[in-house]
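Please look at the sequence and the 3D structure shown below. The report that follows goes through some of its parts in turn.

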Amino acid sequence: MTTSTKTLERLQLLREAFFEQLPARIRKIETDWLNLAGGAWNNAAAKELRFLLHNLTGSAGSFGLPDVGLLARAADHMIEALLRASTDPTHEQLEAMTRAIAELQQAAVIERPKPLSPLVAATATLRKLVYLVDDDHGFAQDLVQSLDYFGYEVRVFKNFETLRPALQREAPAAIVIDIMFPDDMVGTAEVEKLRKTNPDLPPLIFISVRDDFEARLGAVRAGCSAYFTKPIDTGAIVDCLDQRTRVQPREAYRVMVVDDSPLEAASYALTLQSAGIETSIVNNPMEVTARLADFLPDLILMDLNMPQCSGSELAAAIRQLDAYLSVSIVFLSSETDRDRQLSALRDGGDDFLTKPIKPEHLVASVLVRVERARIIRSFMLRDSLTGLFNHTRIKEQLATEVVRARRSKADLTLVMVDIDHFKSVNDTYGHPVGDRVIKSISRLLLQRLRTTDIVGRYGGEEFAAILPGTDAEQARGVLDNIRATFHALRHHSAQGDFVSSFSCGIAVFPKFDSATLLLDAADRALYEAKQAGRNRVVIAKA
Amino acid sequence: MTDSTPNRVLYVEDEPDIQTIAQIALETIGGFTVRTCSSGHEALSAAPGFAPDCILLDVMMPGMDGPSTLAALRMLPVCADVPVIFITAKVQPAEVAHYKALGALDVIAKPFDPMTLAATVRKILGTCS
């Protein structure tokens, strides 16, 4: 189904019209509530107000104002409860309702209609398909809703009979199975039957009430790749799905090829490229250190005998640069003398490959090294709880991106995010729950931002994101969306469910034209957002 | 598109904004023929002449609400077997179960995305190719 530009324009106009008459609607809600709360309680008037709120709940999101919709929903729930109660509302209830309406009013002032933008459309197409086989309707509904927030489109099947034809039509990224089988052999047998007709089943995730080893073993034998027991932690399932369904390849591996013979260098580079590795060729070893910062290789493949300087000298020089300590250095040479090979390794090389080398051997040796180098690097650069870049790395990256933006005269946005009242989350619900909140926001940021954006954990409950090629308004749209989603997420804890929110400051290059200025400005905007009542996005002014 | 494809949608909704956006979503994007009604009473008088293939019903409307409109529509011969989908902001599992028990084919959550509303309706009707 294609949608013409005309239709998009009409929808856009409707959004704008809705947005224009929104203040009048909110004013009516406010005055009606003030009248209701100020005088004697009047059920008929309360019912009327409820209609106003309810309509807004159902419509605002369709007109690109999800936040207004969510806050209207909260107020709607409250007044519904007041209407259901047999006694008149208490003073506290009235106050809570007044606050809810004030929040709604504020959101209506702040929120701008989301443009029907390509950015939004792009994230929509990234949604991954998951099949859920579930005979528990209520449970399925809850799970579908939670997974939906995290970008999974879930289709529910009551049993394996209905699942089978769907699998033929379209293969999902994963299958989640939650079925109360009379005994576990039935479940295993069903999955085996399924495997006969569909040999390439996607990852299977089991949800079960049983936690004994026998049940787990049965699931393993049926080929399930993860096993969860009820009551489930939705976050854990999302984590698992993220891991098992990662479709986008990670950032391509980068190898720098240093060889004074242009022809040989090009041939090695081509071999590596055929394995999906990005390459950069340097023919003059004297230029290597200058080129490192631009290319940031995971591995340097170098010839040993070169006219300007030898490979071992070059390796020793690179090893004096702390920033490239995690870069692997592999020599590739026709040198067959073992003593001389070892002496080259002593100077800073990690491995020695002998020419001539079969292309598949070259690729295999390089891949093994690069993977290891990446893992070590990730320990150095990534936050252990969230897997995001750490404070040091995000600052380095910001400096690099500012240089790049200046060179290409492109926009660049720095975003700072800080969870609201995080200390009280930790104090009230405990640190493990706090950690889960941190993980859920990092997951949202990773999922909603583009793969080209850089996301890091800047401090305890503070996050930073670098959005290349994005202006302040675009960034606000995206971040506001993430903010609304995060605010709608329910976190579970032994003390009950709760919701959390975050405040966000945005600073844009070149208005602030260095890494330090950007960090300062974003920080100030974040502070402003906190001062203005939290749970909002503020753009830094010059 | 063959003649047997459900094509005529009766949409009952009291909110004019939602009516407009749904009409674009269903007609322009989805290719349906749409008749909107602002109340249950209007739906009852419009249904026989329009002969809908499918009825979309807002649940919470002043006066006659969605469920009572459904009950009244069912008494009209032309609507006795027409699939009905509720459109509502209340989609807690228990509420959805309740609507289905009343005879609704399914429930669409508000706010809906105008870009995908028609596809959702077709999917529910089982005619999505």
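Which residue in E2(B) does Val9(B) stand opposite? Val9(B) stands opposite Val34(B) in E2(B). This is a predicted model, in which local features need pLDDT of at least 70 and side-chain atom pairs count only at pLDDT 80 or more, while totals for chains, interfaces and linings use all residues. Residues are numbered from 1 along each chain as its sequence is written, and chains are lettered from A and ligands numbered from 1 in the order in which they are written.

**Chain B**

Chain B has five helices and five strands, where helices (H or I, at least four residues) and strands (E, at least two) are DSSP runs numbered from the N terminus. Along the sequence, chain B follows the pattern β-α-β-α-β-α-β-α-β-α. Strand E1 (residues 8-12) of chain B and strand E2 (residues 33-37) of chain B pair in the parallel sense over five bridges; two strands pair if DSSP finds at least two bridges between them. E1(B) is mostly covered, with four of its five residues buried, and of the 129 residues of chain B, 42% count as buried. A residue is buried if 20 or more other C-beta atoms lie within 10 Å of its own, exposed if 12 or fewer, and partly exposed in between, with C-beta atoms placed from the backbone. Among contacts in chain B between residues at least 6 apart in sequence, 63% join residues at least 24 apart; two residues are in contact if their C-beta atoms, placed from the backbone, lie within 7 Å.

**The sheet of chain A**

In chain A, an open sheet of five strands has the order E2-E1-E3-E4-E5, with parallel pairing. Strand E2 (152-157) and strand E5 (226-229) of chain A stand at the edges, each with a single partner strand, so one side of each has no neighbour in the sheet. From one strand to the next, the twist averages 20°. Two parallel strands of chain A, E3 (residues 174-178) and E4 (residues 204-208), are joined by three bridges, and the bridge partner of Val176(A) in E4(A) is Ile205(A).

**Helices and the contact between the chains**

The axes of helix H2 (residues 43-59) of chain A and helix H3 (residues 66-84) of chain A come within 8 Å and cross at roughly 155°. That makes H2(A) roughly antiparallel to H3(A), a term for angles over 145 degrees, while those under 35 count as roughly parallel, 65 to 115 as roughly perpendicular and the rest as oblique. Axes are lines fitted to C-alpha atoms, for helices over the stretch in contact, and angles run from 0 to 180 degrees between N-to-C directions.

Between the chains, 23 residues of chain A are in contact with 21 residues of chain B. On the side of chain A that touches chain B, the largest share, six residues, comes from H2(A).

**A loop residue**

Ile357(A) lies in the loop between strand E10 (351-354) and helix H15 (359-381) of chain A. Ile357(A) counts as partly exposed, because 15 C-beta neighbours lie inside 10 Å. Leaving aside its neighbours within four places in sequence, Ile357(A) is in contact with Leu332(A) and Leu362(A).
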